[in-house]
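Here is a colleague's note for someone opening this structure for the first time. Please read the points in order.

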Number of protein chains: 2
Amino acid sequence: MARAWHLMSRPNGLPAADNFALKDIELPALGEGMVRVANRWLSVDPYMRGRMNDVKSYVPPFALDAPLEGGAVGEVVESNDPNFKPGDWVLHMAGWRDEAVLPAAALNKLPDLGVEPQAFLGNLGLTGATAYFGLLDAASAKEGDIVFVSAAGGAVGSAVVQIAKAKGMTVIGSARGAEKCDGFVRSLGADEVIDYTAGPIVKSLAAAAPKGIDVYFDNVGGDHLDAAFAHARLRARFAICGMIHGYNATEPMAFRYIMRVIGMRIRVQGFIYTDYIPRLAEFYRDMAGWIASGAVKPRDTIVEGLEQTPDAFLGLFSGANTGKMLVKI
Amino acid sequence: MARAWHLMSRPNGLPAADNFALKDIELPALGEGMVRVANRWLSVDPYMRGRMNDVKSYVPPFALDAPLEGGAVGEVVESNDPNFKPGDWVLHMAGWRDEAVLPAAALNKLPDLGVEPQAFLGNLGLTGATAYFGLLDAASAKEGDIVFVSAAGGAVGSAVVQIAKAKGMTVIGSARGAEKCDGFVRSLGADEVIDYTAGPIVKSLAAAAPKGIDVYFDNVGGDHLDAAFAHARLRARFAICGMIHGYNATEPMAFRYIMRVIGMRIRVQGFIYTDYIPRLAEFYRDMAGWIASGAVKPRDTIVEGLEQTPDAFLGLFSGANTGKMLVKI
């Protein structure tokens, strides 16, 4: 019997274990054009928090008492479609479960790029593409820029640090705690690190970027975004990827330095990875090159067992991960 | 004896009459290349508030116990420069006073466009150019867009309303009080008006723009900007011209809807009129045409007498003006 995590109630603020339940599910019959997949790797991502609210957004809300969805990589175990055979590795959106029966059109066969299959949930997947297009397109970052990235120890942030260094930028990364900063974010290549638990970010950023910043890659919002406003140089560009600070917040965000948008002619640009799907070929070309050269390395936090999926997801909000958080089944 | 308003102390929050003093000034001798100008019209503008703080910004702070500066239009009364003769009308930055002796290089002779000289402080000056480039360049507004402009009864806002209508856009303008909204902003051509004193702007904007907005021209910040975040459509563009809400504020601005930047891929762009000086020819061409056709009309609030200059300036922050606030000497 297959099992899938269900959303049982909508979280108010930070999600908790009792918002979720692991239930047996009935899989559809393996009809014409259908494929049975055994999931090997599940992705948990901060954007999923948004889908747990019952509000219209860029992706529809998760239904209650129904299986959750998310990126997953698995192996074909049975196929009734000529394009897939047992043993094929595939990427699909039926995560949060151990097994799925899906139409062939919902599956993407993993290309042979000489990388581990789970890379397609990380640096070669949504995570890496988000970092790549956010940094290089939404923020128009270029060689020589001073780049500040928040949540630099997280999945997207750690990719941003590595891409920015591969492109010849100066990088300041913020993360939670001295250990993650010095032990992890520096190892990614960051020139300066900010432990945001050590004091006001607006002061730490002044010390880390005495000349100010040209680019801010925002994963956090709140105080981080305000500090970026405070230290932006003329014509700075901000890519707004996420605001994890706000996903569970019930209070509005307060900004003391937002008026600098005017004097510094700051550009703030929100973006979503899916906007760039037509341009994925550029991304695969560059990212595969960086992975092959070692400029970008996988930096995963692996949690074992389907049962641990909600804990892995909740860990995103307490900074339990370094790099990409994955569940291995 | 010439007289000039001096800044005597830096305002903390809202400026007050006792921050200013009108004092006799010694004018320089009319040396080679110098011109004596009798000011006829003085401009007071919200951006001047920023220069009253002792902080580094895009324009340097005003010095204490020294004459204030600002846009002015005057008549040449005596000239020691071959390019200027008595009776010439000129635009210059030695406002807040009745008379000035200036080097010829500091004067711009008013071209003959068949308009009143004070238009060069309004629709054909900083005010009109700010509206024009902010709307059409910083916000990339185009025919068919739904445009929300705050402080639509003010100098820049009233020009934005008229330019947007001349370009075939739908316009929603906010202003203070039913009279200014219905009596003035509608007369500019706005399709919908919002009296921001009548209730939360986020609700009024929902009613005025049931399909949402494509463009927000911000003169205000605060609740107005938050409402624009709340009702922005996909790929909305915000031009941030000013945040009068914040100029005198000591508390940070709070935003409840800023996270919509991500889902709606909003672009927020700060700008300043001086960025567009190389492109003023475009502006003069279009604006002179609109003035000639009556599409853009002067909408001035005129205060008489040099003595009234600080009151005229203070009136900007209580919405005492409709259209451009000018001091006539």
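**Notes on the model**

1. Start with helix H3 of chain B, residues 155-166. H3(B) has 12 residues and reaches 17 Å from its first C-alpha to its last, close to the 16 Å expected at 1.5 Å a residue. That expected span is 1.5 Å times one less than the number of residues in the helix. Helices (H or I, at least four residues) and strands (E, at least two) are DSSP runs, numbered from the N terminus.

2. A word on the basis. This is a predicted model, in which local features need pLDDT of at least 70 and side-chain atom pairs count only at pLDDT 80 or more, while totals for chains, interfaces and linings use all residues. Residues are numbered from 1 along each chain as its sequence is written, and chains are lettered from A and ligands numbered from 1 in the order in which they are written.

3. Is H3(B) enclosed or open? It is largely enclosed by the rest of the structure, because 10 of its 12 residues are buried. A residue is buried if 20 or more other C-beta atoms, placed from the backbone, lie within 10 Å of its own, exposed if 12 or fewer, and partly exposed in between. The buried residues include B:Ala155, B:Val160 and B:Gln162. They pack against several elements of chain B, among them helix H2 (126-138), helix H4 (178-185) and strand S16 (324-328). After H3(B) comes B:Gly168, with a positive phi near 80°.

4. Next, the contact between chains. 27 residues of chain A are in contact with 27 residues of chain B. Contact requires C-beta atoms, placed from the backbone, within 7 Å. On chain A, strand S13 (253-255), helix H8 (260-263) and strand S14 (267-270) each supply at least two residues of this side. S14(A) gives the most, with 4 residues. By class, this side of chain A has 16 nonpolar, 7 polar and 4 charged residues. Nonpolar here covers Ala, Val, Leu, Ile, Met, Phe, Trp, Tyr, Cys and Pro; charged covers Asp, Glu, Lys and Arg; the others, Gly among them, are polar.

5. How do the two S14 strands pair? S14(A) and S14(B) run antiparallel, over 3 bridges. Strands pair if DSSP finds at least two bridges between them. A:Val268 stands opposite B:Val268. A:Arg267 has B:Gln269 as its bridge partner.

6. Now the domains of chain A. The assignment gives domain 1 (2-122 + 300-328) and domain 2 (126-274). Such bounds come from an automatic or database assignment. The C-alpha centres of the two domains lie 28 Å apart. 16 residues of domain 1 are in contact with 16 residues of domain 2.

7. Last, check A:Trp290, in helix H9(A), residues 280-293. A:Trp290 counts as buried because it has 20 C-beta neighbours inside 10 Å. Beyond its neighbours within four places in sequence, A:Trp290 is in contact with A:Ala166, A:Ala295 and A:Val296. A:Ala166 is 124 residues away along the chain, yet the two C-alpha atoms are separated by 7.7 Å.

Methods:
Two residues are in contact if their C-beta atoms, placed from the backbone, lie within 7 Å.
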